[in-house]
Amino acid sequence: MATGLPGVVSDIRGNNDLMTDGQGGFLVKTSDVDGFGDAIRKIAIDHDLAKKMGQENKRRVQEFSLPVVQQQLLKIFSEL
């Protein structure tokens, strides 16, 4: 995500917490081999889509940067 590339990932916990299907890439059921191929094909063919998804990933990953997470933790601890 931080490199600005689109993702084709398994639709499992963690991945689906970070990525919304169709925005930063595609979430595919783990056993859906054809689905993975279709998703990769879409990204490979549509360069505008790939670029848009990559930009979304770069934006989205900033929400999990060290300074942002540190600030969130400080807020949580200060409220305790």
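I call a residue buried under 20% relative accessible area, exposed over 50% and partly exposed in between, with a 1.4 Å probe and protein chains only. This is a predicted model: local features need pLDDT of at least 70, side-chain atom pairs count only at pLDDT 80 or more, and totals for chains, interfaces and linings use all residues. Numbering runs from 1 along each chain as its sequence is written, and side-chain values use heavy atoms, with hydrogens and water left out.

Entry 1, Leu80. I looked up Leu80 in the segment after helix H4 (66-79). Helices are DSSP runs (H or I) of at least four residues and strands (E) of at least two, numbered from the N terminus. Leu80 counts as exposed because its relative accessible area is 80%.

Residues 47-61 form H3, which has 15 residues. Which residues of H3 are buried? I listed Leu49, Ala50, Met53, Gly54, Glu56, Asn57 and Arg60. They lie on the same side of H3, because they cover an arc of only 160 degrees around the axis. That arc is taken from the directions from the helix axis to the C-beta atoms. The face turned away from the buried side carries the exposed His47, Asp48, Lys51 and Lys52. Cover for the buried residues includes strand E1 (7-10) and helix H2 (33-45).

I found Met19 in the loop between H1 and E2. Met19 counts as buried because its relative accessibility is 6%. Beyond neighbours within four places in sequence, its contacts (heavy atoms within 4.5 Å) include Val9, Phe26 and Asn57.

Conventions
Expected span 1.5 Å × (residues − 1).
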